[in-house]
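Me: I would like to go through this model by question and answer. Please start with the terms.

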Amino acid sequence: MQPSFWHEKWDAQQIGFHLSAVNPLLVKYWPQLELDANAQVFVPLCGKSLDMCFLAELGHDVLGCELNELAVQQFYQENSLKVAVSTIAQHQRFHTEQVTIYQGDIFSLDAAEMTATMAFYDRAALIAWPEEMRLAYANQLANLIPANSVGLLITLDYPQAELNGPPFAVSDDWVQANLADDFEIERLACEDVLSENPRFVKKQVSWLTESVYKLTRKS
Ligand SMILES: C[S@@+](CC[C@H](N)C(=O)[O-])C[C@H]1O[C@@H](n2cnc3c(N)ncnc32)[C@H](O)[C@@H]1O
């Protein structure tokens, strides 16, 4: 998935992935991470997700990374947050008291920016990558977050041949086979969500499940 794909989506505001409310799975499963309220949370490929506001309201420092500048500007404007902008290496750093977003490519983000991070939240990030790029992303996520960080990963799985991604299908087998070297993996939920996803119903996708994982970065 080339950067131009995402820039074009944001320019055209074709952002069907963006939710107008906080993700109910975040609300339901975040407490299971048992984090201190002030723990810093990394949100890779954050878009302008309202989930960052939910995490900030819990007391967390939120550190996002997002490729597209318009997405970042819209996040701060739409949430009426006054933002300071600076440049750090290859990223623009947008900063408010509780939500900092590094605007640029996650692959050029430096782990030195994230030494205080204790948690992460991946919704529509792993599943945004086609299979040939997915492992590189997962490795970069593992490189960025400190040992013992805990996080939620939300995936979708469906017969990939029946629909083009993104979102791409990520099976439980893929998660177990590719993430187990770097993470302890616990699947917290797996639900049939076909009827809640009109795009998949319209395209006659035969099944669709959504899974929630608790991941712990190994030492
Ligand atoms: C499917 S969206 C999900 C956004 C957000 N997580 C949400 O739940 O609304 C994927 C996002 O990743 C961003 N993105 C794509 N490639 C990226 C990269 N290499 N580095 C940082 N962000 C990237 C895109 O611009 C897009 O906003």
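Reply: A nonpolar core is a set of buried Ala, Val, Leu, Ile, Met, Phe, Trp, Tyr and Cys residues joined through side-chain atoms within 4.5 Å. Buried means under 20% relative accessible area, exposed means over 50%, and partly exposed is in between, with a 1.4 Å probe and protein chains only. The model is predicted: local features need pLDDT of at least 70, side-chain atom pairs count only at pLDDT 80 or more, and totals for chains, interfaces and linings use all residues. Residues are numbered from 1 along each chain as its sequence is written, and side-chain values use heavy atoms, with hydrogens and water left out.

Me: Which residues touch the most other members of the largest nonpolar core?

Reply: The largest nonpolar core has 35 residues. Within this core, the most other members are touched by F42 and L179.

Me: Which element gives the most residues to this core?

Reply: Helices (H or I, at least four residues) and strands (E, at least two) are DSSP runs, numbered from the N terminus. Two or more residues of the core come from each of strand 2 (61-66), helix 5, strand 7 (150-157), helix 6 and strand 9 (209-217). The most, five residues, come from helix 5.

Me: Which residues is L179 in contact with, leaving aside its neighbours within four places in sequence?

Reply: Contact means heavy atoms within 4.5 Å. With those sequence neighbours set aside, the partners of L179 are A138, L153, W174, I185 and L215.

Me: How many residues are in the other core, apart from this one?

Reply: Its members include L25, V41, A119 and I154. This separate core has 28 residues.

Me: Is helix 5 oblique or parallel to helix 6?

Reply: Axes are lines fitted to C-alpha atoms, for helices over the stretch in contact, and angles run from 0 to 180 degrees between N-to-C directions. Helix 5 (residues 131-144) and helix 6 (residues 172-179) have axes 11 Å apart and pack at about 45 degrees. Angles under 35 degrees count as roughly parallel, over 145 as roughly antiparallel, 65 to 115 as roughly perpendicular and the rest as oblique. The angle therefore makes helix 5, relative to helix 6, oblique.

Me: Which residues of helix 6 meet helix 5?

Reply: From helix 5, the residues in the contact are E131, R134, L135 and A138. On the side of helix 6 they meet W174, N178 and L179.

Me: How many nonpolar residues does this contact have?

Reply: Ala, Val, Leu, Ile, Met, Phe, Trp, Tyr, Cys and Pro count as nonpolar, Asp, Glu, Lys and Arg as charged, and the others, Gly among them, as polar. The contact of helix 5 with helix 6 has two charged residues and one polar residue. Its nonpolar residues number four.

Me: Where is P166, which a cis peptide bond joins to G165?

Reply: The bond between G165 and P166 has an omega of about -5 degrees. The bond from P166 to P167 is also cis, with omega near 0 degrees. P166 is in the loop between strand 7 and helix 6.

Me: Is N148 buried or exposed?

Reply: N148 is in the loop between helix 5 and strand 7. Although not a glycine, N148 has a positive phi of about 75 degrees. Most residues other than glycine have a negative phi. With a relative accessibility of 52%, N148 counts as exposed.

Me: What is the relative accessible area of I88?

Reply: I88 lies in strand 3 (residues 84-88). I88 is partly exposed because its relative accessible area is 26%.
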